[in-house]
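This briefing concerns one protein chain, shown below. Please consult the sequence and the structure alongside the points that follow.

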Amino acid sequence: MLFKLTPISIAIFIAVFVNIFVAYSSWQRRKTKGGVYFAFAMMAITFWTLSAGLDYAALPIPLKVFFAKLEVLGYMTAAALFAAFTLSYAGFDDWLKSIWGKILLIGIPASNILLAWTNKLHGWVWSGFKMSETIDNVLIFEHGQAFTWVALSGYVLILIIFASLMAATLKGTELARKQARLLLFALLALVASNLLYLFDIFNEPGVDWSSITFSITGVLFLFALYGS
């Protein structure tokens with residue numbers, strides 16, 4: 001047997017179906033400003049969430065590691081696309097075409113994805129793996145020396161999203177400023193969840209709810225943009 005459903009995997013699979021709906025709805029509205037970036041970001045989140053669910057359901061450790069690599073692909077792509085969306089939404093389309101924009105939005109995700117997919121050669125991202133003794137079918141990824149780089153560089157993209165939304169709250173129509181404030185609130189919820197995982201606040205090593213929180217962020221983004 002290769003897979004086993006657990007409460008964690010079931011919760012994440014439910015989020016997958018929510019993400020499919022949000023991705024479909026956002027694709028229907030892709031012609032709005034920045035809408036294409038948002039739609040593709042939701043597709044990336046759907047891919048990430050599905051990979052996370054399969055990770056928590058998989059039984060063999062090598063299979064879990066494979067899905068974890070897919071998670072990195074989905075997460076980094078989603079973060080970059082969300083950054084592109086918020087830059088466009090805030091009116092910084094020219095920055096997207098600049099050399100620095102391309103370095104940050106393409107270079108950071110590409111380098112982190114490459115590090116994860118070549119981890120078996122160097123162990124820089126994950127130095128080891130062990131099954132949790134307290135949580136059913138959860139693999140604990142022991143962090144290597146490059147994990148800090150992956151985490152911090154990922155937060156560079158989050159910072160771009162934050163700065164873009166802050167700028168959007170200060171200009172435009174009242175509706176646009178209200179939308180930007182809602183988007184900013186959704187982003188802060190995501191950041192809080194990820195920090196709880198990184199610092200293991202709840203003492204649940206190996207359990208990362210970021211994919212679900214990112215999914216909730218996507219729902220809030222959809223509501224803030226198109227719900228009124």
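Leaving aside neighbours within four places in sequence, T46 is in contact (heavy atoms within 4.5 Å) with V16, N19, I20 and A23. The model is predicted: local features require pLDDT of at least 70 and side-chain atom pairs count only at pLDDT 80 or more, whereas totals for chains, interfaces and linings use all residues. Residues are numbered from 1 along each chain as its sequence is written, and side-chain values use heavy atoms, with hydrogens and water left out.

**Confidence**
- The pLDDT, the predictor's confidence in each residue from 0 to 100, averages 86 over the chain, and 91% of the residues score at least 70.
- Among the elements of the chain, the highest mean pLDDT, 95, belongs to helix α6 (residues 119-122), and the lowest, 71, to helix α8 (residues 174-198).
- Helices (H or I, at least four residues) and strands (E, at least two) are DSSP runs, numbered from the N terminus.
- Where pLDDT is low, the predicted coordinates should not be read in detail.

- T46 is found in helix α2 (residues 35-57).
- T46 is classed as buried because its relative accessible area is 14%; buried means under 20%, exposed over 50% and partly exposed in between (1.4 Å probe, protein chains only).
- Helix α3 (residues 61-89) has 29 residues and spans 41 Å from its first C-alpha to its last, close to the expected 42 Å, which is 1.5 Å times one less than the number of residues.
- Of the 29 residues of α3, 22 are buried, leaving the helix mostly covered.
- After α3 comes G91, with a positive phi near 90 degrees.

- A nonpolar patch on the surface is formed by L5, I10, I14, V18 and V219, which together have about 410 Å² of accessible area.
- Patch residues have over 30% relative accessible area and no salt bridge, like charges being joined within 9 Å and nonpolar side chains (Val, Leu, Ile, Met, Phe, Trp, Tyr) within 5 Å.
- Accessible areas come from the Shrake-Rupley method with a 1.4 Å probe; for residues, only the protein chains shown count as cover.
- A salt bridge is a side-chain nitrogen of Lys or Arg within 4 Å of a carboxyl oxygen of Asp or Glu.
- Helix α1 (residues 7-28) contributes the most to this patch, with 3 residues.
- I14 lies in helix α1 and counts as exposed because its relative accessibility is 51%.

**Strand β1**
- G128 is placed in strand β1 (residues 126-131) and is buried, at 11% relative accessible area.
- Residues up to four places away in sequence not counted, G128 touches I140, F141 and E142.
- G128 and S25 lie 103 residues apart in sequence and 40 Å apart in space, C-alpha to C-alpha.
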